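Below is a predicted model. The questions ask what lies behind the terms used to describe it.

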Amino acid sequence: MSRRFDAGYYISEGFHSIFTHGFMSFAAVCMIVACLIIMGSFTLLAVNLDNMLGDLENENEMVVYIDESLTEEQARFLQSTLAQVPNVSQLTFVTNDAAMEEFKAKRENNTLLADLPDETLRHRYRVHVVDIELMAQTKEALEAVEGVGDVRAAIDIANGFVLVRNIATGVAMVLVGMLLVISLFIIANTIKLATFYRREEIAIMKMCGATDGFIEWPFVVEGMLLGLTGALVAFFVQWGLYQAVAKFAIQGNGLSLVTIISYQSMAPTILAVFCGVGAFIGVGGSLFAIRKFLQV
């Protein structure tokens, strides 16, 4: 029996074997598709939440109110101290008269506010942070600076986004682990059926001196083809689901809190990951099944 690596022979045999036991092959592909879609859905959710957290870091401000006893010059002098607080990325000083003008501009129809003096409001700093997850610690550090009267921060909103992202990531990891095991099991059983169907042919090849590698390769190719087929199907199904969910989220996004990353911008990475995971499941399950069979 020739030991030469014949890719054409292996691909032909692997492709033919898929249709020999079509129902199990179909079940294997469906399981891989389900695994990849669930993995992809939760991963894309986590990616979009990360992106939204980045937007919050850029847009969500903490407001540091300066003690009313300090003059404008003294308030400005605090900027260097506040800038040294860990996690602070940007500071913008707002005088009390500028704050009053902004306050009145939002309430133009309220005549009762027309005569309010500028001293009613305090000087303040608008603060952007590097990491929104550390907002609570940053708020405490800013409050500890001498001359700071109060700090306002939307910590609950930030923590809500972080919690949802962490839950999505954790659930994705657990589900992917379970589905990978199930997918490997189904692929292994599919290959077992193929080996059982060709058991006499395999026995003859072994008697003729065929190596285990020569016998294994067609089954490995079969598993890889099943895995890649599942990956391609999952990629396009994921695309459709993502577009539908994104459209729904954007239409119902009255507060403009949700930003969705386009699927097209992530498509090459998603396709590469899906194909890699699909090939791993297919090849892994095939090797497990055929080597166990050859050891019998």
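Q: How many disulfides does a search of the whole structure find?
A: The search finds 0 disulfides. A disulfide would need a pair of cysteine sulfur atoms within 2.5 Å.

Q: Why is Cys 30 called partly exposed?
A: Cys 30 has a relative accessibility of 36%. Buried means under 20% and exposed means over 50%, with partly exposed in between, so Cys 30 counts as partly exposed.

Q: What makes Cys 275 partly exposed?
A: The value for Cys 275 is 22% relative accessibility. Buried would require a value under 20%, so Cys 275 counts as partly exposed.

Q: Why is Asn 48 called buried?
A: Its relative accessible area is 5%. The cut-off for buried is under 20%, so Asn 48, a residue of helix 2, is buried.

Q: What does the side chain of Asn 48 reach?
A: The side chain of Asn 48 reaches the backbone nitrogen of Ile 261 at 2.9 Å. A polar atom of this side chain also lies 2.8 Å from the backbone oxygen of Leu 44. A polar contact is a pair of N or O atoms within 3.5 Å. Leaving aside neighbours within four places in sequence, Asn 48 is in contact with Tyr 242, Thr 259, Ile 260 and Ile 261.

Q: Which residues touch the most other members of the largest nonpolar core?
A: They are Leu 36, Ile 187, Tyr 263, Ile 270 and Phe 274, in a core of 33 residues. Helix 2 (22-59), helix 7 (155-197), helix 9 (212-251) and helix 10 (263-295) each give two or more residues to this core. Helix 2 gives the most, with 10 residues. Leaving aside neighbours within four places in sequence, the contacts of Leu 36 include Phe 274 and Val 277. A second, separate core has 24 residues, among them Leu 91, Met 135, Leu 142 and Val 148.

Q: What is the order of the strands in the open sheet?
A: The 4 strands are in the order 2-3-1-4, with antiparallel pairing. Strand 2 (88-94) and strand 4 (148-152) each have a single partner strand, so they stand at the edges and one side of each is left without a neighbour in the sheet. The twist averages 25 degrees from one strand to the next.

Q: How do you know that strand 1 and strand 4 pair?
A: Strand 1 (residues 62-66) and strand 4 are joined in the antiparallel sense over 4 bridges. Pairing requires at least two bridges, so strand 1 and strand 4 count as paired. Val 63 stands opposite Arg 152 in strand 4.

Conventions. Residues are numbered from 1 along each chain as its sequence is written. This is a predicted model: local features need pLDDT of at least 70, side-chain atom pairs count only at pLDDT 80 or more; totals for chains, interfaces and linings use all residues. Side-chain values use heavy atoms; hydrogens and water are left out. Axes are lines fitted to C-alpha atoms, for helices over the stretch in contact, and angles run from 0 to 180 degrees between N-to-C directions. Buried means under 20% relative accessible area, exposed over 50%, partly exposed in between (1.4 Å probe, protein chains only). A nonpolar core is a set of buried Ala, Val, Leu, Ile, Met, Phe, Trp, Tyr and Cys residues joined through side-chain atoms within 4.5 Å. Contact means heavy atoms within 4.5 Å. A polar contact is a pair of N or O atoms within 3.5 Å; within protein, one must be able to donate a hydrogen and the other to accept it, and residues adjacent in sequence count only if both atoms are side-chain atoms.
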